[in-house]
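Let us walk through this structure one region at a time. Keep the coordinates open as you read.

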Amino acid sequence: MRNVAIIGAGMIPFGRRDEDTLLDMLAYAGLKALDDAGMGEKSVDALYVANMGAGILQHQTAIASSLADRLSLLPAAADTVENGPASGASAIKNGVLAVASGYYDYVLVVGGEKMREVTGWRATDFVATLTHPQTEYIYGITLPGMAGMFTRLYMEKHGVTREMLTAVSIKNQKMGALNPYAHVEMAITKEGIMDSPDSVVNNPPMADPLHLYDACPVSDGAAAVLLCPLEMAKQHPKTAVLVAGFGQATDTHTLAEREDPTDLKAVTLAAKQALDMAKLKPSDIDFAELHDAFTILEIAESEHVGFFKKGEGGKAVLEGKTSLGGQIPINVSGGLKARGHPVGATGVAQVTEVVFQLRNEVGKDRQVKNARNGLTVNFGGFGNNVLSFVLRRVEA
Amino acid sequence: MKEIEITAYKCKKCGKVHFPFHDRCLKCRSREFETIHPKGNATLLAYTQIFNLPWGFDQRFLIIGVAEFENGVKAMGQVKAGDAAELKPGMKLKPSWDVVRVTAGEKTYGLVYQPIK
C-alpha cells in the first residue's frame, strides 16, 4: 500500500445559503481544494462525493456525475458515497484506499448537503430516515430523541451533569465565533442558557434532558480535499498532510439491541484502528475534531477514543482540558455545534479543519500550538457506523 | 384491544433474542431462530420527551421509550404520559397496539406503553 497525502483542502462558510444550489456549493468547495493543491489544469483520476440526502431534499440523484461534469473533471471516475452523517469520512476513506492501492493518483473528495431549503420538521424527518423503519422511525423518533435517551443513560451511568453539557456548548460556540466557516458565530454564556430566568426561553427543552443549545444547527455547506500518493506531494505547493491512520466500525442498527446502549463500541474500535495504524496512543494526539452533533457526544467520544477514562470526560471540559491550550483541545473549529452539520459535508469538514490546523493556517485565536497529529471522529447513525482518521503534518 | 403484532426471534443455538429480524444471530451467526412474541408487561429502560417533532406529527410533544418484556424482547414504543417527569427507569409499563402515526390519512400501528401506577 502507498502512503496517502492530503495536498489540498477547501471549504465554504456553512450556514443558510439560499442563493446556492447543492451543486454550486459542491463545486465551490471542490475548486478551492483543487486550487489549494495548485492543480491548475492537471487531471483528477477520480471523484468521490459525500452526500446523504439530495435524493430526498433536492429530488436530485447521481450528483457525483453532475459534479464531475460541472468541474470539467471528465472522464474521471465518479461515485456518490452515502453513509448517513458519516458519508464524508466514508468518501475520504474510499479515496484513500483508491490512492493507496495504486489504482488512482489524484482523487478529489467533496462532501456537501443543502438542508435549509426544507422546513425544520422536514429536515428532522429526513435525518430520522436513518433509524430502523419498522421498529424506530414509525414512532416519531428523531436523532435528537435518540441523543436524549442516550444522554439520560450516560448521565446516570457516568455522572455527566447538565453543567458539563452546557460547558461543551459554551466552549464550542466560543470557538465557532472565531471561525469564518462556522454557521453559528455567536458566543454564549452559562447565565444565558442555564442559570438565568431568561434561559428557559433562550434554551428550551428539545429532547429531554437535552436542550436547544445542546444540538448542532441544521446547515448548508460543503468541503473538499484532494488526495495523492505521498511521494507525489512534493510537486504541490502546500505542506502535505499524511493520512497516518484510519478506522471504521459498525454497531447494531437499533439502539434497543445494544447490550449496553452507553457503550459506543464503533467509536472505540474505529479510533483504535486509526491510532494503531498511525502507531500512536490517544495521549500522542495533539487535538481532535469529534462529532458533537449533541454536546453529550463530545464527552462520550472523548472517553471512547481514550483521551479520558469513562466518567472523566465531562469533568475535563469543566477544567478546560479540552479547550484551546488545554491537555487535548477538542473542536477548536467550533465543532458541529457551531460550524454546523450539513450531514454529507461534516466528515470532510472535520478533515479540512485538521489540515488547516496542521498547516498553521487558522490564525492565532484558534491555532493549536505545535500541532503535529490530529484525530477525527465522524459518527454515523446513532453510532452504528463510525469512522476515524489520524492525520499528521509532513515535515518539509 | 388489538393484539401486539410483533414477532421477535430467539436463536436456537445460543438463545439470544433479536428484534427486529436478522438473517444471522448477532452473537453466534447461526441462521436458525424460534419465533417468539412479547410476553407480559414491560420494564422501561430508556426514554425521552421530544419537542421538535418530525414531519407528520401534529402535537406538542412525543414521549418515546425503549422497554424490555418479560421474555427478553426489547422494543421502542410511544409512552402515554403527560410529562417525562412522570417516568423513571425500571418502572412497569402496560403495552398495547395502537395508532402511532398517521400519514396522508393512513394509520400506522405500533407499540404504545402505558405506565402502571
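Start in a loop. A:Leu324 sits between helix 12 (313-318) and helix 13 (335-339) of chain A. Helices here are DSSP runs of H or I with at least four residues, strands are runs of E with at least two, and both are numbered from the N terminus. Buried means under 20% relative accessible area, exposed means over 50%, and partly exposed lies in between (1.4 Å probe, protein chains only). A:Leu324 touches A:Met175, A:Pro329, A:Val332, A:Asp365, A:Arg366, A:Gln367 and A:Val368, leaving out residues up to four places away in sequence. A contact is a pair of heavy atoms within 4.5 Å.

A word on conventions. This is a predicted model, in which local features need pLDDT of at least 70, side-chain atom pairs count only at pLDDT 80 or more, and totals for chains, interfaces and linings use all residues. Residues are numbered from 1 along each chain as its sequence is written, chains are lettered from A and ligands numbered from 1 in the order in which they are written, and side-chain values use heavy atoms, with hydrogens and water left out.

Now take a helix pair. Helix 1 (residues 22-36) and helix 3 (residues 63-70) of chain A pack at about 55 degrees, and their axes are 10 Å apart. Axes are lines fitted to C-alpha atoms, for helices over the stretch in contact, and angles run from 0 to 180 degrees between N-to-C directions. Helix 1 and helix 3 of chain A are therefore oblique to each other. The classes are roughly parallel under 35 degrees, roughly antiparallel over 145, roughly perpendicular from 65 to 115, and oblique for the rest. On the helix 1 side of chain A, the contact uses A:Leu22, A:Leu23, A:Asp24, A:Leu26, A:Ala27 and A:Tyr28. Helix 3 of chain A supplies A:Ile63, A:Ser66, A:Leu67 and A:Arg70.

Stay with helix 3 of chain A. Which of its residues are buried? They are A:Ile63, A:Ala64, A:Leu67 and A:Ala68. Down the axis of helix 3 of chain A, these buried residues fall within an arc of 140 degrees, so they line one face of the helix. The arc is taken over directions from the helix axis to the C-beta atoms. Their cover in chain A includes helix 1, strand 2 (46-50), helix 2 (54-58), strand 3 (77-81) and strand 4 (107-114). Just past helix 3 of chain A, A:Ser72 has a positive phi of about 50 degrees.

Next come two places where chain A meets chain B. In helix 5 (residues 120-128) of chain A, the buried residues are A:Ala123, A:Thr124, A:Asp125, A:Phe126, A:Val127 and A:Ala128. They pack against helix 2, strand 4, helix 6 and helix 14 (343-358) of chain A, together with strand 7 (92-103) of chain B. A:Gly148 lies in helix 6 (residues 143-158) of chain A. A:Gly148 is buried, at 0% relative accessible area. A:Gly148 touches A:Ala207, A:Asp208, A:Pro209, A:Leu210 and B:Thr48, leaving out residues up to four places away in sequence.

Finish with chain B. Chain B has zero helices and eight strands. Of its 117 residues, 45% count as buried.
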